[in-house]
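Labels in a structure rest on cut-offs. Let us ask where some of them come from.

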Amino acid sequence: MPPHTTRIKLPVSALCNVQCRFCDRNMDCAYTAPNGVASETLSVQESARYLAALLEKTEPPVEVCLSGSGEPLARPEETMATARMVRKAYPDVRISVATNGLALPGYAHDLAEAGVDCVRLSVADVDPSRLGGLVAFIRTGKRSMRGDDAMQVLLSQQKKGVAEARHNGLYTTVVVPVVPEINKDHMAEIAATLKDWGVDALELVPFEPREKSGLGKARPATKEDMEEALMAARSVMPSAIIGSLGGDVVSLLGEENAATLLRRIKLASQAEAVTDRPMPDLDRPYVAVATSDGEAVDVHLGHAETLLIYSNDNGLVTLHEARKTPPRGGGDNRWSALAEILSDVKVLIAAGAGDNPRTILADKGIDVRVYEDAPLQGAVLYAFGIKPKGRGKGKQ
C-alpha cells in the first residue's frame, strides 16, 4: 500500500475467537479497531453511511479495512455483505480485512469473491511457547483450547490462511505487536518464519498495555524498542515497516465528531425499518435495559447491578419492574444465573457486553444488543419493533 494511502476502518464484528493477553474485552482491540469507536459494530447500511461521511474528508487513494472491535471472520456473513457493499459503491477503493487468522482457512475464496483485495493478519509470535504468553486461549466452534496445543492450532491456521489467501489473489500483510518482555528480541526469527509462509508484507506495531488485561503491567514498547525490532525484522524482510495503532477516524474527524457521527448513524438506524432481529413474544414478552438514569443506555452489562424491564401492551410501552443482576465475579456462572433471572426477557440492551455473556445469553434465547449512550426510549421501542416518532429523551 502506498505510504500516502488513507486506511478507513469499518467495525463489523464485536465477537472474537482468540483471547489475547494484551486485550481487555471491555475495550476494543488495540490492533484492529478504529480510534474513537468503543465496542461499536455497524450494519451494512450503517457502514455505508459511515464510509460516505469519512470519504468526504479525504482524497484517494483509500483502503477500507473491515475490522473489529472484534474478529470480522467471527461474523463472516456480515463481513462479506459489507465487503460487497463497499466494492459495489466504490469500485476503485482497496478493501482489506483485519483478522487473527484462526478462521481464515476456508474463507479466503469468499473474501476474494466479495471484492476484498488484502488480508491484514495479526500474528503475535511464531513460537508456541512464547505465543502462550501473548494468547490465553482460542475458541473453535463452542470449544475453548489452551496451552501449547491451542497455540499450535492457531499458528497452523494462520499459516494455512496465508497460503489460501495468496492462492486466491489476496495480498497478505502480517501485523506483529512488539512486546518488549516477550517477542521483541525475536523479530528476526518471526520475520524469517513469516517469509517462509509467503507473506507479502510485515508491519510492526508498538505494544501498549491495558490495565485490566493479562499484560496490564508489562512494559510498553518504546521508540528505541521499535527501532531495534525493525532493524532485526529488516535483516530478513527489508520492506518491513513500523505501523500505528487504531484507525483514522480521529485524524479525519476529531474524536468528538467521530463519536457524534456514529451516534447519529445508530439513531437513524433505530428509527428506520422494522428490525428482522428477534422481538419479544408471548413466551418472552419483555425487554431489559442497563441504564444508570432511565434515560440513556449508558451501562456496560458487566457493570450493571440492576436492569430495567419493559413491557408492551398493544403499543403502550411501560416500565414493568427493576431486577437485580447476580453479583460480579463467578465467570460464566454469572451469565447463566442472569439468564435464569431473565427467563421471560427476549432482548437485553446495554452500552457494552463481552463475548462470553453474549454467547451464553444467546444460547438461552436472549438477544443482546449494544447501543452505547443511545436514548433509552428509542432503543426500547425499536426492540419491540415500534418506529420511534422522535429522538426520544436520551442524552442529546
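Q: Which residue of β5 stands opposite valine 97?
A: Valine 119 stands opposite valine 97. This is a predicted model, in which local features need pLDDT of at least 70, side-chain atom pairs count only at pLDDT 80 or more, and totals for chains, interfaces and linings use all residues. Residues are numbered from 1 along each chain as its sequence is written, and side-chain values use heavy atoms, with hydrogens and water left out.

Q: How do you know that β4 and β5 pair?
A: Two strands pair if DSSP finds at least two bridges between them. Strand β4 (residues 94-99) and strand β5 (residues 118-122) have 4 bridges, in the parallel sense. Therefore they count as paired.

Q: What makes a run of residues a helix or a strand?
A: Helices are DSSP runs of H or I with at least four residues, strands are runs of E with at least two, and both are numbered from the N terminus. The protein chain has 12 helices and 17 strands.

Q: Which strands pair with β6 in the antiparallel sense?
A: Strand β2 (residues 18-20) pairs with β6 (residues 135-140) over 3 bridges. There, cysteine 20 has valine 135 as its bridge partner. Strand β7 (residues 143-145) is also joined to β6 by 3 bridges, and the two run antiparallel. There, isoleucine 138 has methionine 145 as its bridge partner.

Q: What is the order of the strands in the open sheet of 7 strands?
A: The order is β1-β3-β4-β5-β8-β9-β10, with parallel pairing. Why are β1 and β10 at the edges? Each has a single partner strand, so one side of each is left without a neighbour in the sheet.

Q: Which strands does helix α5 lie across, and at what angle to β5 does it run?
A: Helix α5 (residues 147-167) lies across β5 and β8 (171-178). It runs at about 170° to β5. Axes are lines fitted to C-alpha atoms, for helices over the stretch in contact (heavy atoms within 4.5 Å). Angles run from 0 to 180 degrees between N-to-C directions.

Q: Why is the pair of tyrosine 371 and tyrosine 382 called edge-to-face?
A: Rings of Phe, Tyr and Trp (its six-membered ring) pair if their centres lie within 6.5 Å; planes under 30 degrees apart count as stacked, over 60 as edge-to-face and the rest as tilted. Here the values are 6.5 Å centre to centre and 65° between the planes. Therefore the pair is edge-to-face. The structure holds 1 aromatic pair.

Q: Why do tyrosine 371 and tyrosine 382 count as buried?
A: Buried means under 20% relative accessible area, exposed over 50%, and partly exposed in between (1.4 Å probe, protein chains only). Tyrosine 371 has 9%, and tyrosine 382 has 14%. Therefore both count as buried.

Q: Is asparagine 314 buried or exposed?
A: Asparagine 314 has a relative accessible area of 80%, so it is exposed. It lies in the loop between β13 (306-313) and β14 (316-324).

Q: Which residues does a cis peptide bond join?
A: It joins proline 60 and proline 61, with omega about 0°. Proline 61 is found in the loop between α1 (44-55) and β3 (62-68).
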